Amino acid sequence: MSTKKMLVFATLLVAAVILTACSAEGPTGPAGPAGAEGPAGPAGEPAMAADLTCTECHNDTAIITGKKTPWETSVHGSGTAAAYAGGRDGCTGCHSGASFKKMIAAGANPSTYEGDAADVTHQDCRTCHQIHTSYTSADWALSTSAPAVVFAFEDVTYDGGKGNLCATCHVPRRGIDEADADGNIEVTSTHWGPHHGPQSATLLGIGGAGEVEGKPGAHYSMVEDTCVSCHLGEGQDHTFLPNVAACQECHADIEDFDFSGLQTEVDAMLAELGELLEAEGMYDLEEDHPVVGVYPAAQAQALWNYILIEVEDASHGVHNPAYVRALLEASLAVFE
């Protein structure tokens with residue numbers, strides 16, 4: 001090989017070695033400084049839940065707040081019932097909203113519910129409705145609409161449609177005792193009486209004392225959904241105050257609840273009976289409770305009827321006009 005060719009070959013060999021060395025990957029060096037921020041990309045689609053049934057209730061309407069605001073003004077919403085007796089096992093089924101739900105789930109009523117006052121609440125949306133069961137508007141369904149047991153009286157139920165929910169608790173806890181061998185009845189405490197929600201019994205024409213026989217009033221037998229129709233009406237007024245507009249469906253010319261002077265008449269009889277009972281030392285009008293003692297049966301029955309109508313039912317006769325009038329007339333006759 002000539003010297004010239006050898007020189008060319010050596011040059012090519014050195015170049016190949018250099019190229020081979022340069023092609024081998026070395027270790028990764030430290031990261032360099034961040035570059036300038038690039039322009040923002042186009043806006044993406046908003047994140048959406050796969051199931052939007054919650055918006056049937058939770059939306060930009062007043063479907064919830066429109067009920068919550070008036071409800072807060074009601075006795076149920078103020079929480080006074082829960083504060084008074086929500087923590088007592090014998091009372092909690094009706095006085096605590098959470099316990100009411102437990103009572104219904106147990107298939108019990110206030111006379112058979114053993115009580116679980118661990119979580120005392122006022123009567124709120126979850127008391128009366130099936131809130132967050134389906135997470136749809138079906139959750140506004142009532143907790144129960146089964147006929148209510150009027151447990152103070154044997155084999156009596158209240159079957160008034162949606163009003164059955166109310167009657168579950170708005171029932172008397174007891175009836176009046178029979179007279180003893182001497183013809184007397186004992187008033188055992190200042191809480192003596194039907195205690196505390198006899199509206200359902202009044203509507204049915206039962207629960208009063210004495211020989212007066214009653215029958216269901218028109219507001220029970222002729223009003224669909226009974227309590228709910230009159231106390232919420234089509235507008236679903238959650239103050240639960242009775243609604244004159246609801247009355248006008250049957251009484252077109254009614255302007256207030258003193259229809260045909262009924263409430264005026266009943267209030268006058270109640271005022272007279274109250275004064276007679278106080279004069280006998282049986283009722284303290286200032287403290288608004290009966291006086292403990294043993295009284296002739298007829299007088300004790302008159303006292304019972306006063307408490308039933310004036311203190312507990314509190315409709316001034318509207319729930320069952322004929323029955324209330326008859327009870328008051330019989331009670332006033334005792335003192336003639």
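# Aromatic pairs and cysteines

Reader: To start, is Y306 buried or exposed?
Author: Y306 is buried, because its relative accessible area is 5%, and the cut-off for that label is under 20%. Please keep in mind that this is a predicted model.

Reader: How many aromatic pairs does the structure hold?
Author: The structure holds three aromatic pairs. One of them is formed by W192 and W304, whose rings are edge-to-face, with 5.2 Å centre to centre and 80 degrees between the planes.

Reader: Where in the chain do W192 and W304 sit?
Author: W192 is in the loop between β3 and α9 (199-204), while W304 belongs to helix α14, residues 297-313. The two are 112 residues apart, and their pair links distant parts of the chain.

Reader: And are W192 and W304 buried or exposed?
Author: Both W192 and W304 are buried.

Reader: What about Y306, which ring does it pair with?
Author: Y306 forms an aromatic pair with Y283. This pair is edge-to-face as well, at 5.1 Å centre to centre with 70 degrees between the planes.

Reader: Why does that pair tie together separate parts of the sequence?
Author: Y283 lies in strand β4 (residues 283-284) and Y306 in helix α14, so the pair ties together parts that are 23 residues apart in sequence. Y283 counts as buried, at 3% relative accessibility.

Reader: Changing topic: how many disulfides does the structure hold?
Author: The structure holds one disulfide, which joins C94 to C169 with an S to S distance of 2.1 Å. The link is left-handed, at -95 degrees about the S-S bond.

Reader: What about C125, how far away is the nearest cysteine sulfur?
Author: The nearest cysteine sulfur to C125 is that of C128, 8.6 Å away. C125 is in no disulfide, because the two sulfur atoms would have to be within 2.5 Å. At 34% relative accessibility, C125 counts as partly exposed.

Reader: And for C230, which cysteine is nearest?
Author: For C230 the nearest cysteine sulfur belongs to C247, at 5.9 Å, and C230 is in no disulfide.

Reader: One last thing: where does R88 lie?
Author: R88 lies over the face of Y84, at 4.8 Å from the ring centre.

Notes: Residues are numbered from 1 along each chain as its sequence is written. This is a predicted model: local features need pLDDT of at least 70, side-chain atom pairs count only at pLDDT 80 or more; totals for chains, interfaces and linings use all residues. Side-chain values use heavy atoms; hydrogens and water are left out. Buried means under 20% relative accessible area, exposed over 50%, partly exposed in between (1.4 Å probe, protein chains only). Rings of Phe, Tyr and Trp (its six-membered ring) pair if their centres lie within 6.5 Å; planes under 30 degrees apart count as stacked, over 60 as edge-to-face and the rest as tilted. Helices (H or I, at least four residues) and strands (E, at least two) are DSSP runs, numbered from the N terminus. A charge sits over a ring if NZ of Lys or CZ of Arg is within 6 Å of the ring centre and within 35 degrees of the ring normal.
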